[in-house]
Amino acid sequence: MRHAVVAGAGLAGLVAAERLTAAGLRVTLLEASPKAGGRCRSYRDDRLGRVIDNGNHLILSANRAVLGWADRIGGAGALKTRPAAFPFLDLASGARWTVRPGRGPLGALMPGARPPGVGAGALARDVARLLTARRGATVAGALGAGGPAWAAFWDPMTRAVLNEDPEAGDAGLLRAALLRSFARGAGACRPVLAPGGLGAALVEPALAVLAAQGCLPQLRQPVRTLHGAERVTAVETRDGRIDLAPGDVVVLALPPQHLAPLLPDLALPGPGRSIVNAHFLVPGHGLPPILAVLGGAAQWLFARGDVVSVTVSAAERSPLGEAGRAESLDLLWPEVAAAVAAHGGRVPEAMPAARLLRERAATFDQSPVGAARRAGPRTARPNLFLAGDHTATGLPATLEGAVLSGERAARAALAA
Ligand SMILES: Cc1cc2nc3c(=O)[nH]c(=O)nc-3n(C[C@H](O)[C@H](O)[C@H](O)COP(=O)(O)OP(=O)(O)OC[C@H]3O[C@@H](n4cnc5c(N)ncnc54)[C@H](O)[C@@H]3O)c2cc1C
């Protein structure tokens, strides 16, 4: 029986492992950390007494690969699709509005889909500039910063999609994401939420499926070295060496900063920016499940049960900067309290129980430099394949890209 070694039990590695076991290979799944899921994991937090996700993830109905994966492993029941409506709150002015993409390709330009004060002509001009952006352009370079839709649309959109500010983020990556979602109208823009955490939809069911096929991830087992110049002949882990026979394959589903020491000759994107998530316990908050926030440090609020979670992407380039835990919570809590008050919710007198998580290098470098250095799935060694959101999927660092990369690496490995 052919043997596959898959390194990394994030989404890309889980997908690759599942596809390879389903095709009849014996799969060894090696994971460096104590838990599967990688950058998309749920856990029970002692301070809050609730299951939380390491970071809020926005999945849209356009993300067919992610939804197909949830379906395939029996996790789709843990997901809930909501109407295509994105409420906004401007903390500076107190203004509130809801962006509702219309139906069909022009739906993104309909009056309900535009921020207040932004005309269809201005938005169409920006879209045209994005569509025709030259390779290597940043979002700000392509659109010209400061148009009418800048502060209420392009700046928050770039931070949300690319985890980068528009001065540095790659225009082509933003275009790829928008062409798959907003450009297809309301049907592609329905938010898909996981009321019990994304682990219950995308990770735990996968572990159950793999276990049923005899594949248990080996945790705390980082791959340390690959042996063999022409083909990989052995994989060295923390605890020993796995020898590979001709026909056996290796899939490395690792982020670039962990891949680089194993493949020092390969050009890879560097690490990108941090994402900060602050989770607050706020019973009676009155907030919608997702709220876009402008005019402060907070960018998005996700409300799940009585937990309100704040997302700050490209945190280094936000008012949070490199602030530590206490300072960040002190900055974010008044903004959450203001949002709760604006929605008629119950505002606690003092900051409630809170958890701050800063994911460093939450995504790969999504500047034009990073975007030009994406590799894979094939490598110079015919039995070595790459998966992961950083590989050349054409999409930004997303769950969708991770799933597609895992499928693609498995297909390439099976064809080897
Ligand atoms: C806070 C946050 C918010 C995000 N928000 C969104 C969002 O809203 N929408 C969206 O689509 N995406 C979002 N993303 C991105 C998304 O989470 C990632 O694109 C996706 O999870 C990447 O999966 P992956 O399998 O490629 O990599 P990872 O999830 O990083 O998996 C790699 C795995 O490899 C393991 N590993 C590392 N080194 C070794 C080694 N030497 N040997 C063995 N194992 C190793 C790691 O421990 C990890 O488990 C977000 C990410 C973060 C961090």
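Domain bounds here come from an automatic or database domain assignment. The model is predicted.

**Domains.** Start by colouring the chain in three parts: domain 1 (3–77 + 195–271 + 365–415), domain 2 (99–189) and domain 3 (275–359). Between the C-alpha centres of domain 1 and domain 2 the distance is 30 Å. Select the contact between these two: domain 1 gives 11 residues and domain 2 gives 20 residues. On the domain 1 side, 7 are nonpolar and 4 are polar, with no charged residues.

**Ligand.** Next, select the ligand and the 36 residues around it; Gly-8, Gly-10, Gly-38, Gly-55 and Thr-398 come nearest. Domain 1 and domain 3 each place at least three residues in this shell. Coloured by class, the shell has 18 nonpolar, 13 polar and 5 charged residues.

**Sheet.** Now select the open sheet of 4 strands, whose order is S2-S1-S13-S19 and whose pairing is parallel. Strand S2 (26–30) and strand S19 (384–386) are at the edges, each with a single partner strand, so one side of each has no neighbour in the sheet. From one strand to the next, the twist averages 20°.

Zoom in on strand S1 (residues 3–7), which runs parallel to S2 and is joined to it by 5 bridges. Pick His-3 to find its bridge partner in S2, Arg-26.

Finally, bring back H11, which packs on the sheet and touches S1, strand S13 (249–252) and S19. The direction of H11 makes about 165° with that of S19.

Conventions:
Residues numbered from 1 in each chain as written. Predicted model: local features only at pLDDT ≥ 70, side-chain atom pairs only at ≥ 80, totals over all residues. Near = placed C-beta within 6 Å. Nonpolar A, V, L, I, M, F, W, Y, C, P; charged D, E, K, R; others polar. Contact = placed C-beta atoms within 7 Å. Pairing = 2+ DSSP bridges. Helix = DSSP H or I, 4+ residues; strand = E, 2+ residues; numbered from the N terminus. Axes fitted to C-alpha atoms, helices over the stretch in contact; angles between N-to-C directions.
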